[in-house]
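Notebook open, one chain to go through today. I'll jot things down in the order I look them up.

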Amino acid sequence: MTQGEANTCACGRWSGWWLWDLRVSSAARASLAAEWGRCRWVWNECVAKSRAVHLRNRASGERATCGPAQLDRMLTEARSRTPWLREGSSVPQQQVIRDFGRSRAKAQQDMTAGLPVARRAGMPRWKTRRESLVTLNYTRRGFRMKDGRLHLAGGIVLNVVWSRELPDEPSSVRVYQDSLGHWYCSFVVPAQVQPLPATGRVLGVDWGVRETATTTSDAHDLPHPSHGGKAKEKLTRYDRMMARRRPKKGTAGSRGYRAAKRLRAKVHKKVARQRADTGRKWAKKVVRDHDAVAVEDFRPKFLARSTMARKAADAAIGATKAALIEMGRKHGRDIRLVHPAYTTMDCAQCGARAKHSPTALRAWGDPQPLGERTHTCTACGTTSPRDKNSARVMLVRAGLNPAGAEGGRPPGAPLQEAA
């Protein structure tokens with residue numbers, strides 16, 4: 001069982017998802033597959049209708065729309081004249097339309113904003129029977145809990161592997177299957193803050209590639225776990241197996257190709273779980289030992305196009321950062337995000353900013369080459385490891401008292417903010 005955070009309410013409660021394993025019988029598996037077949041048909045009909053309206057608008061100059069309300073009315077008409085569609089529950093079919101509407105709206109928003117094609121969320125596409133995995137959403141009127149089992153609309157009963165009780169009544173549930181064929185259910189419930197005892201300590205966190213997280217406390221640094229590097233040999237072997245058995249376009253893969261694909265997916269799943277486990281354990285330790293944490297609001301997406309892409313992806317900076325924010329919100333800690341501009345150029349001791357020339361400028365706005373790991377302030381002469389200095393700058397910019405952090409700037413010292 002895992003827990004994740006979604007959004008916060010004004011009353012100090014947030015809607016979080018709680019994930020459990022499912023034990024699905026053969027009869028329930030057949031029912032879920034049939035239900036997903038109807039939902040997949042609804043999704044494909046939404047895609048076809050959306051494309052038809054778009055083409056008609058381009059040809060005639062009209063401004064017709066194809067929103068969720070119109071698609072809901074079309075679904076009602078389709079269910080009235082199609083017995084096969086009417087055999088399934090209307091709840092997951094309506095939720096499919098809601099998901100389609102959100103996906104289409106996000107794609108249109110990215111196009112309106114003028115984002116590059118590589119960064120846009122594409123328009124919704126067809127879901128094929130062979131490639132799409134089961135994902136069914138049920139609102140409160142589409143499921144109920146009875147005797148520890150999950151009863152879905154349509155008479156589908158699933159056994160949940162409970163590790164603890166739900167903190168409150170769930171408002172919705174998602175039943176889905178992963179790439180390995182395992183079944184899960186994800187409940188959305190209002191969760192309460194679980195405060196921890198006050199410690200009187202603060203911490204600054206700076207993200208990086210050589211070390212995933214460098215903090216103002218040596219005991220809380222997070223070294224690069226290299227989970228993907230350890231699994232590289234197996235992944236290379238399975239990639240070669242898939243390449244030898246790769247089917248021609250439009251034909252189904254052989255049994256050997258599907259077996260190699262499953263082995264590869266299994267390794268990827270293990271690595272993803274290792275990264276998540278490492279990040280959550282580190283975040284729990286940080287939140288337990290500190291009342292407030294200043295975190296660099298680092299966006300690692302741009303690293304995907306750099307020479308550090310493989311190592312940066314293996315560090316899982318984004319997932320670790322999300323785990324820290326989630327853990328801080330769960331336990332009522334003060335998590336402050338700090339803009340990363342000039343954090344490697346400012347001195348945490350006196351606040352002076354290093355000078356640089358255009359020829360000396362390197363990645364992330366740092367005047368020193370990435371190989372230079374020492375920050376030397378020309379104003380006060382302080383010398384410290386570059387990442388440690390950046391972590392202390394996080395404390396200063398967040399307005400936290402760095403007296404409890406090793407090497408922090410004394411309270412009240414002048415600060416030079418980023419322009």
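This is a predicted model: local features need pLDDT of at least 70, side-chain atom pairs count only at pLDDT 80 or more; totals for chains, interfaces and linings use all residues.

Started with H227: buried or exposed? It has a relative accessible area of 12%, and the cut-off for buried is under 20%, so I noted H227 as buried.

Next I checked where H227 sits, and found it in helix α5, which covers residues 227-230. Then I looked up what surrounds it. Leaving out residues up to four places away in sequence, H227 touches V271, Q274, R275, T278 and D314. With T278 there is also a polar contact, side chain to side chain, at 3.0 Å.

Moved on to the helix α7, residues 255-289. I wanted to know which strands it lies across. They are β9 (202-207), β10, β11 and β12 (292-296), and α7 runs at about 150° to β9. Helix α10, residues 386-397, packs on the sheet too, where it touches β9, β10, β12 and β13. I wrote down about 125° between the direction of α10 and that of β9.

Then the sheet itself. I read off five strands in the order β11-β10-β9-β12-β13, an open sheet with mixed pairing. I followed β11 to its partner: two bridges join it to β10 (residues 211-215), and the two run antiparallel. In that pairing, E211 stands opposite P223 of β11.

Separate entry for helix α4, residues 90-112. I checked its length: 23 residues at 1.5 Å a residue should span 33 Å, and the end C-alpha atoms are 33 Å apart, so the two agree. At the N-terminal end I found S89 as the cap, with a side-chain oxygen 3.2 Å from the backbone nitrogen of V91. After α4 comes G114, with a positive phi near 75°.

The buried residues of α4 include V91, P92, F100, G101, R104 and D110. What do the buried residues of α4 pack against? I listed α1 (26-60), α2 (68-81), α3 (83-86) and β3 (135-139).

Last, the totals for the chain. I have ten helices and 15 strands, and buried residues make up 40% of the 419 residues. Among contacts with a separation of 6 or more, 66% come from residues 24 or more positions apart. The chain exposes about 23400 Å², with 52% of that supplied by carbon and sulfur atoms.

Note on methods
Residues are numbered from 1 along each chain as its sequence is written. Side-chain values use heavy atoms; hydrogens and water are left out. Two strands pair if DSSP finds at least two bridges between them. Helices (H or I, at least four residues) and strands (E, at least two) are DSSP runs, numbered from the N terminus. Contact means heavy atoms within 4.5 Å. Axes are lines fitted to C-alpha atoms, for helices over the stretch in contact, and angles run from 0 to 180 degrees between N-to-C directions. The expected span of a helix is 1.5 Å times one less than its number of residues. Buried means under 20% relative accessible area, exposed over 50%, partly exposed in between (1.4 Å probe, protein chains only). A polar contact is a pair of N or O atoms within 3.5 Å; within protein, one must be able to donate a hydrogen and the other to accept it, and residues adjacent in sequence count only if both atoms are side-chain atoms. Accessible areas come from the Shrake-Rupley method with a 1.4 Å probe; for residues, only the protein chains shown count as cover.
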